[in-house]
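Subject: Structure for your review

Dear colleague,

I am passing on the structure below, together with an account of what was found in it. Please read the account with the structure open beside it.

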Amino acid sequence: MKRVISSLTLATFLVASPAFADDIPATLSVDTSGVLPAGVTVKDVAGKEDPKATFKVERILSWNEGNGANIAIFATTEKSGQKDGDTWTSKALHVATYNVVGGKYTKLQTIIEAVQPCNVDLTAKFLETSIGLTNLDGDDKGELTFGYVTRCAGDMSPMSMKVLMLEGKDKHALRGQSVLDLGDGMVEGGDYKVDFKKAPKELVEYAKRVWESHKKASF
Ligand SMILES: [Ca+2]
């Protein structure tokens, strides 16, 4: 009798869980070689190619979903110069997503977050452990989540912080400030606004958990 129940349970599980939707996160691979795919240019990712700036590919995520292969390129552009005796640095974060079919790259989304020339302390970085692929709503599209912080300030103040979730051509965001620990139990920042439009609630709940676990990011 026990064996029969086990078989029925397995059959029910297979019917209730479309293998494809469940498989999307499992197809994820990460490339940190720093090399752009042959079908993508620096201008595609960064919006322009500046010979005075250093363009760096941090990582490329690849996965399969309903429309075929998808990639997400995480990159930065950084530039420094001297003016009036000061060193000025600007830095931009880039995320570009593509659908790849038959070697042809079709752009889905471009995210650019730039910190303008800054002559004090500059921070602009992806929160590495926030980067992940899910399919929480079980459809045919993966959700790419990532957070980042930016700041140009010479004093102690919270950073601008965002947690974005990209699904195909949809973009959802939490936008606010990181938490700055002032000591003696005092904190500043940590608030955010939710811009998830009509996304299923499991998506925004996941993003909020990512926010909570990264809001104390260091400069
Ligand atoms: Ca999905």
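Helices (H or I, at least four residues) and strands (E, at least two) are DSSP runs, numbered from the N terminus.

Two remarks on how to read the rest. Residues are numbered from 1 along each chain as its sequence is written. The model is a predicted one, so that local features need pLDDT of at least 70 and side-chain atom pairs count only at pLDDT 80 or more, while totals for chains, interfaces and linings use all residues.

Confidence and overall form

The average pLDDT (the predictor's confidence in each residue, from 0 to 100) is 91 for the protein, and 90% of the residues score at least 70. Residues 1-19 need caution, since pLDDT stays under 50 over that stretch, for which the model has one contact beyond four places in sequence; two residues are in contact if their C-beta atoms, placed from the backbone, lie within 7 Å.

The protein has four helices and 12 strands, and its C-alpha trace spans about 80 × 50 × 30 Å along the principal axes. Of the 219 residues, 28% are buried, where a residue is called buried if 20 or more other C-beta atoms lie within 10 Å of its own, exposed if 12 or fewer, and partly exposed in between, with C-beta atoms placed from the backbone. Among contacts between residues at least 6 apart in sequence, 54% join residues at least 24 apart.

Strand S1 (residues 29-31) pairs with strand S2 (residues 54-65) in the antiparallel sense over three bridges, two strands being paired if DSSP finds at least two bridges between them. Within this pairing Asp31 stands opposite Ile60 in S2. S2 also pairs with S3, again in the antiparallel sense, over 11 bridges, and these two strands form a hairpin with two residues between them. Here Arg59 stands opposite Phe74 in S3.

Ala69 also lies in S3, and it counts as partly exposed because 16 other C-beta atoms are within 10 Å. Leaving out residues up to four places away in sequence, Ala69 touches Ser62, Asn64 and Val100; Val100 is 31 residues from Ala69 in sequence, but the two C-alpha atoms are 5.2 Å apart in space.

The nonpolar core

In soluble globular proteins, nonpolar side chains tend to be buried together. The largest nonpolar core here has 40 residues, and those with the most contacts inside it are Ala72, Ile73, Phe126 and Phe146; such a core is a set of buried Ala, Val, Leu, Ile, Met, Phe, Trp, Tyr and Cys residues joined through C-beta atoms within 7 Å. Strand S6 gives the largest share of this core, six residues. Beyond four places in sequence, Phe126 touches Glu58, Phe74, Leu93, Ile131, Phe146 and Tyr148.

Helix H4

Helix H4 (residues 201-214) has 14 residues and reaches 20 Å from its first C-alpha to its last, close to the 20 Å expected at 1.5 Å a residue, the expected span being 1.5 Å times one less than the number of residues. Its buried residues are Ala207, Val210 and Trp211. Seen down the axis of H4 they fall within an arc of 100°, so they line one face of the helix; the arc is that of the directions from the helix axis to the C-beta atoms. The face turned away from this buried side carries the exposed residues Lys201, Glu205, Arg209, Glu212 and Ser213. What covers the buried residues of H4 includes strands S6 (121-134), S7 (143-153), S8 (160-167), S9 (170-177) and S12 (192-195).

Gly190 lies in the loop between strand S11 (186-189) and S12, and with 16 C-beta neighbours inside 10 Å it counts as partly exposed. Neighbours within four places in sequence aside, Gly190 is in contact with Gln177, Val179 and Lys215.

With best wishes
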